[in-house]
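Reader: I'm new to this structure and would like a close look at just one part of it. Could you pick a helix and walk me through how its sides differ?

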Amino acid sequence: MAQNRFHTGPGPSQRQLRVGELIRHRLSELLLRAEVHDPDLNRHSITVGEVRSSPDLKVATAYVMPLGGNDAEEALAALRRNSRELRHLVAKGLNLKYAPELRFQLDETFDRMDDTRRMFSDERVRRDIESGEDDDDLD
């Protein structure tokens, strides 16, 4: 028998990750097929980047971004307005004990990646990186 039945680490458990990924797939499918009866929501093409579940799996936060980043606040408002219907449709497609409450946040991962690329393309940073590599060769 396993000594550690419950997850005690700082990150999400394997179960949280698995449920989050199932919800992400189902939510993406629902938004792609425009199964929600809201024309404001259906006119946006929304990408679901990640879904994080709470430890008890009763709350799921979906990180979303409209295609191209256009009208992000409007799309987020439409998702929040239709969260009850989305919750019902997600739960109908999954075999979970509880239908998780869906919360929506803008996915800022792409912005952070652009900032990082911009930083690494800076001449001063590149020079520092190259000088750091030379120091390693001396050891």
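This is a predicted model: local features need pLDDT of at least 70, side-chain atom pairs count only at pLDDT 80 or more; totals for chains, interfaces and linings use all residues.

Author: Let's start with a term: a residue counts as buried when its relative accessible area is under 20%, and as exposed when that area is over 50%.

The chain has six helices and three strands, and along the sequence they run α-α-β-β-α-α-β-α-α. Of the contacts with a separation of 6 or more, 63% are between residues 24 or more positions apart.

Now for our part, helix α4, which covers residues 83-93. Its buried residues are S83, L86, L89 and V90. Look down the axis of α4 and these buried residues fall within an arc of 125 degrees, so they line one face of the helix. There's a general rule behind that kind of spacing: an α-helix has 3.6 residues a turn, so residues three or four places apart point the same way.

What lies over that buried face? The cover for the buried residues of α4 includes helix α1 (14-33), helix α3 (72-81) and strand β3 (101-106). Turn to the other side of α4 and you'll find R84, H88 and K92, which are exposed.

So, to picture α4 in one go: S83, L86, L89 and V90 are buried, while R84, H88 and K92 sit exposed on the other side.

How values were computed. Residues are numbered from 1 along each chain as its sequence is written. Side-chain values use heavy atoms; hydrogens and water are left out. Helices (H or I, at least four residues) and strands (E, at least two) are DSSP runs, numbered from the N terminus. Contact means heavy atoms within 4.5 Å. Buried means under 20% relative accessible area, exposed over 50%, partly exposed in between (1.4 Å probe, protein chains only). The arc is that of the directions from the helix axis to the C-beta atoms.
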